[in-house]
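Open the model in your viewer and keep the selection tool at hand. Each stop below says what to select and what is there.

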Amino acid sequence: MDAGEIGGALLFLLAAAAAVAAAVSVGAVDFSRPLTAGVGFQRAVSWLIGVLDGTSSAAEDAYGAWVAVRAGLIAPALQAAVWACMVMSVMLVVEAVYNSVVSLGVKAMGWRPEWRFKWEPLDGADEEKGSSHYPMVLVQIPMYNELEVYKLSIGAACELQWPKDRIIIQVLDDSTDPFIKNLVELECENWASKGVNIKYATRTSRKGFKAGALKKGMECDYAMRSEYIAIFDADFQPEPDFLLQTVPFLVHNPEVALVQARWTFVNDTTSLLTRVQKMFFDYHFKVEQEAGSATFSFFSFNGTAGVWRTQAIDDAGGWKDRTTVEDMDLAVRATLKGWKFVYVGDIKVKSELPSTYKAYCRQQFRWSSGGANLFRKMAKDIMAAKDVSFLKKSYMLYSFFLVRRVVAPTAACILYNIILPISVTIPELFLPAWGIAYIPMVLTIVTAIRHPKNLHIMPFWILFESVMTVHRMRAALTGLLELPGFNQWVVTKKVGSDFEVNEVPLLQKKRKRLRDRINFPEIGFSVFLFLCASYNLVFHGTTSYYVNLYLQGLAFLFLGLNFTGTCSCCQ
């Protein structure tokens with residue numbers, strides 16, 4: 001147990017104490033209100049007995065029947081769900097505040113990974129003086145029908161600054177389109193003719209998807225001689241000095257298994273969709289990854305833009321295809337073996353954001369479902385691990401898995417997209433202001449605090465995330481319960497924002513069907529929200545949520561019509 005873990009635990013306890021103090025100050029600990037809703041249950045039973053014995057008229061008391069059932073049965077059930085969501089919301093806000101405090105502290109102190117882990121240029125770092133001090137590095141580029149971006153990643157990898165006899169570029173092509181496959185192979189041959197040590201590898205089947213390709217690539221003789229493995233997805237373009245900046249962390253710190261760089265995006269300003277995505281990823285890298293690295297030296301490998309120690313991969317059991325988050329799976333297993341990770345936010349690698357709403361939804365579903373499913377598979381292993389401290393195991397189980405993978409999407413979706421709209425028709429339901437107003441406000445602040453330049457699109461981000469919580473909750477439940485489709489892998493479609501269109505003959509676009517141009521679940525949800533908002537506008541009673549509900553409904557409607565990304569239903 002090192003100082004970082006102890007400091008992280010103390011900060012988390014401080015954040016929890018602050019949340020409890022705030023709850024006490026606003027009366028949030030008073031749970032007497034929901035108990036009174038149970039009184040209506042007696043009224044519902046009395047009314048039912050009266051109808052059965054003929055003392056009450058069912059025809060004239062139809063509305064009374066609804067009121068009795070609503071107050072006695074529906075309201076108490078929903079009230080229990082409300083308080084469950086309140087508990088989860090407190091868990092979520094404590095986690096978010098803790099991560100933000102750590103992140104802000106790191107920024108305020110000017111803390112750098114070099115303070116904790118040794119970093120210095122490799123001995124004889126001038127390539128012209130010889131390559132004996134450079135370790136052997138394998139660069140893996142897995143791809144699947146990546147017509148638009150294959151040249152970008154291969155070209156960037158081949159231009160990495162490293163002695164030519166100490167680096168191997170391995171292109172793992174799982175493409176099923178013969179035309180694209182031929183183009184990728186020709187590109188590899190082109191770089192090989194320039195003296196680059198590049199290998200083109202294919203498989204007879206796509207078993208295991210990306211994990212299967214990476215595992216197969218490591219079985220090659222030349223791969224087994226490599227001390228370190230850098231991984232880049234097909235749309236990632238590392239800077240030439242990427243290896244010179246990352247590998248020294250591994251060389252000088254034998255306990256470090258992974259060095260993760262930050263993603264930047266070449267298309268983050270092309271549409272409102274990509275702008276709100278950038279806010280999501282900025283929070284992930286600047287807050288979650290940085291906090292995990294600074295305290296517990298643990299975070300999830302992002303699947304690309306990172307360098308692994310080959311020994312650590314082997315020690316953790318290699319790549320496994322049991323979930324759709326093979327990167328997170330490997331990171332967790334390596335951590336349980338005692339390995340540490342380093343996140344270096346100053347090293348940035350260009351990539352591409354999903355340019356359509358459906359592509360982003362598929363990506364988020366894969367990540368959310370896989371994370372929840374991995375929690376199911378790894379919880380016992382984490383608790384039984386002997387090579388990590390109790391504090392780190394607690395952090396992994398509670399913060400990393402339970403709160404982020406299960407609680408976050410569940411609480412947000414159920415409370416704001418289901419219970420809040422329904423509450424306008426059930427006046428007996430009590431929604432505490434601290435839960436539906438103060439907590440979202442705190443979450444908004446801690447999300448925006450690390451990227452104030454994006455404040456002008458914050459309202460759009462809030463509405464967009466309201467829609468995405470539906471997809472993430474469905475994905476989390478699918479993975480947690482292993483429902484059909486929990487292990488489904490769909491490759492995110494790339495456009496190639498930095499690509500010269502005339503360099504490769506593009507495939508002819510096909511006209512999309514109506515069901516591919518319109519997202520009917522979002523349309524249905526927008527109708528539900530509009531109906532609830534209209535009811536609240538006419539019969540608002542003591543609550544006035546209709547403005548918020550109308551805005552939510554518009555968000556679902558616009559995304560249902562694909563009006564936010566590069567694709568619209570009118571195309």
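This is a predicted model: local features need pLDDT of at least 70, side-chain atom pairs count only at pLDDT 80 or more; totals for chains, interfaces and linings use all residues.

Seven of them form an open sheet in the order 3-2-1-4-6-5-7, and the pairing is mixed. Its edge strands, strand 3 (198–202) and strand 7 (340–351), each pair on one side only. On average, neighbouring strands in this sheet are turned by 25 degrees against each other, direction ignored.

Now select residues 167–173, which are strand 2. Strand 2 pairs with strand 3 in the parallel sense, over five bridges. Which residue of strand 3 is the bridge partner of Leu-172? The partner is Ala-201.

**Salt bridges**

The whole structure has 16 salt bridges; the next stops show some of them.

Select Lys-207 and Asp-321. Their side chains meet in a salt bridge, at 3.8 Å from N to O. Lys-207 sits in the loop between strand 3 and helix 8 (209–218), and Asp-321 in the loop between helix 12 (310–315) and helix 13 (326–336), so the pair ties together parts that are 114 residues apart in sequence. Lys-207 is exposed, at 61% relative accessibility, while Asp-321 is partly exposed, at 33%.

Next, select Lys-210 and Asp-233. In this salt bridge the closest N and O atoms are 2.9 Å apart. Lys-210 belongs to helix 8, and Asp-233 to the loop between strand 4 (228–231) and helix 10 (242–252), 23 residues apart. Is Lys-210 buried or exposed? With a relative accessibility of 12%, Lys-210 counts as buried, because the cut-off for buried is under 20%.

Move on to Arg-262 and Asp-282, whose side chains form a salt bridge of 3.4 Å, N to O. Arg-262 is in strand 5 (residues 256–265) and Asp-282 is in helix 11 (residues 272–295), so this pair joins parts 20 residues apart in sequence. Arg-262 is buried at 13% relative accessibility, and Asp-282 is buried at 3%.

**The nonpolar patch**

Which helix gives the largest share of the patch? Helix 16 (residues 433–448) does, with three residues. Leu-104 lies in helix 4 (residues 62–109) and is partly exposed, with a relative accessible area of 32%.

Key. Residues are numbered from 1 along each chain as its sequence is written. Side-chain values use heavy atoms; hydrogens and water are left out. Two strands pair if DSSP finds at least two bridges between them. Helices (H or I, at least four residues) and strands (E, at least two) are DSSP runs, numbered from the N terminus. Axes are lines fitted to C-alpha atoms, for helices over the stretch in contact, and angles run from 0 to 180 degrees between N-to-C directions. Buried means under 20% relative accessible area, exposed over 50%, partly exposed in between (1.4 Å probe, protein chains only). A salt bridge is a side-chain nitrogen of Lys or Arg within 4 Å of a carboxyl oxygen of Asp or Glu.
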